[in-house]
Amino acid sequence: MSDRLWKKNIRFVEPYTPGEQPEDKNVIKLNTNENPYGVSPEMIKAAESFDYDLFRRYPDPTAKELVSALADYYNLKPENVFVGVGSDDVLGMCFMTFFNSDKPILFPDITYSFYPVWAEMLRIPYETKALKEDFTIDIKDYLVPNGGIVIPNPNAPTSILLDKNSIREILDNNKASIVIIDEAYIDFAEEGSSVLDLIGEYDNLIVVRTYSKSRSLAGLRIGYAMADSRLIKYLNDVKYSYNSYTMNYPSIKLGSSVISDDEYFKTSVGKIKATREWFSKELTSLGFTVLESSANFVFASPADGTAENIFEEAKKSGIYFRYFKSPRIDDYLRITIGKDDEMKKVIEFLKDFLTK
């Protein structure tokens, strides 16, 4: 058959599997770490003032308005900020730009499952470093020759935070490598946990963040990186060689409007953190092992090895969790923190399930 001739030229990869997106709006959807609270009122105001004539034009390829808004918010210069279509796009650009060594890049074995997909697709050599028995990162694993380092902090799906001093030690011992700290969930950690303040000290550090979690804008797709201006220039060089118009007009306008609404942002994050603490205690009282979370989700294991059964039965009851059938974590559930009433229904479901 003819496909035997052209198949050898195809780049086959094992794709990333995103969380299920049920069409039924009445389910309790706790499987994709979305923010349960609505968008900022400032964003709604900005949407109401759209200049719809601009939809027929290409957007600003530099996304200057969004870049400037982010730079102002974080007390940086615009040349220290790069934006993309969600943090996945930003991270993908980072892999494409900075990981061009014969040495392997390093990241944890239990982590965001897009990392090995990008590495495989781009033919980047990589090694995964096993988390310790308690699912924490062993920094000694990252003090070896490498072609780059990627660490999500807090980690996903474990929800565990690596302290800033440990990251500093990794940076001090890897000055010849680019170190990416993926801070998708950092806003749900203790204040002062971010390493953003280190980018002026380490010119090989890239901090990546997203609007999808704490900013309630997963559907708008906005991610960004902050780093030394030279690294941002290299990222933009690749971006303009690959896809100049990554950010659309609504994302630029709405992303610019919402970033400064600190009152709404902090209120939303505060609610999630409070619910997370209550929910973690409730799970523990039901016999679950719950890892200490610094994210907007918890990673928990039932006492009797029934995670997969709970996952399936919960779905039948209109409750969606995330389950990974992978070694070491195949008896854990990743449960996004929703609103209080949703989490109370989850506890009621679990009590009922566990007493059957």
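**The sheet and the salt bridges**

Tutor: This is a predicted model, in which local features need pLDDT of at least 70 and side-chain atom pairs count only at pLDDT 80 or more, while totals for chains, interfaces and linings use all residues. Residues are numbered from 1 along each chain as its sequence is written, and side-chain values use heavy atoms, with hydrogens and water left out.

The open sheet consists of seven strands in the order 2-8-7-6-5-3-4, with mixed pairing. Strands here are DSSP runs (E, at least two residues), helices are runs of H or I of at least four residues, and both are numbered from the N terminus; two strands pair if DSSP finds at least two bridges between them. Strand 2 (81-84) and strand 4 (126-129) are the edge strands, each pairing on one side only. On average, neighbouring strands of this sheet are turned by 20° against each other, direction ignored. Such angles rest on axes fitted as lines to C-alpha atoms, for helices over the stretch in contact, and run from 0 to 180 degrees between N-to-C directions.

Within the sheet, strand 6 (residues 179-182) and strand 7 (residues 205-210) pair in the parallel sense over four bridges. Ile181 has Val207 in strand 7 as its bridge partner. Helix 4 (residues 86-98) packs on the sheet and touches strand 2, strand 3, strand 5 (148-152), strand 6, strand 7 and strand 8 (223-227), where contact means heavy atoms within 4.5 Å. The direction of helix 4 makes about 155° with that of strand 7. Helix 5 also packs on the sheet, touching strand 3, strand 4, strand 5 and strand 6, and its direction makes about 165° with that of strand 4.

As for charged pairs, a salt bridge is a side-chain nitrogen of Lys or Arg within 4 Å of a carboxyl oxygen of Asp or Glu, and by this rule the count is 17. One of them joins Arg328 and Asp109 at 3.8 Å, N to O. Arg328 lies in the loop between strand 12 (322-323) and strand 13 (333-336), and Asp109 in the loop between strand 3 (105-108) and helix 5 (114-121), so this pair ties together parts that are 219 residues apart in sequence. Arg328 is partly exposed at 35% relative accessible area, and Asp109 is partly exposed at 33%; buried means under 20%, exposed over 50%, and partly exposed in between (1.4 Å probe, protein chains only). In another salt bridge, Arg276 and Glu277 have their closest N and O atoms 2.9 Å apart. Here Arg276 is buried at 6%, whereas Glu277 is partly exposed at 40%.
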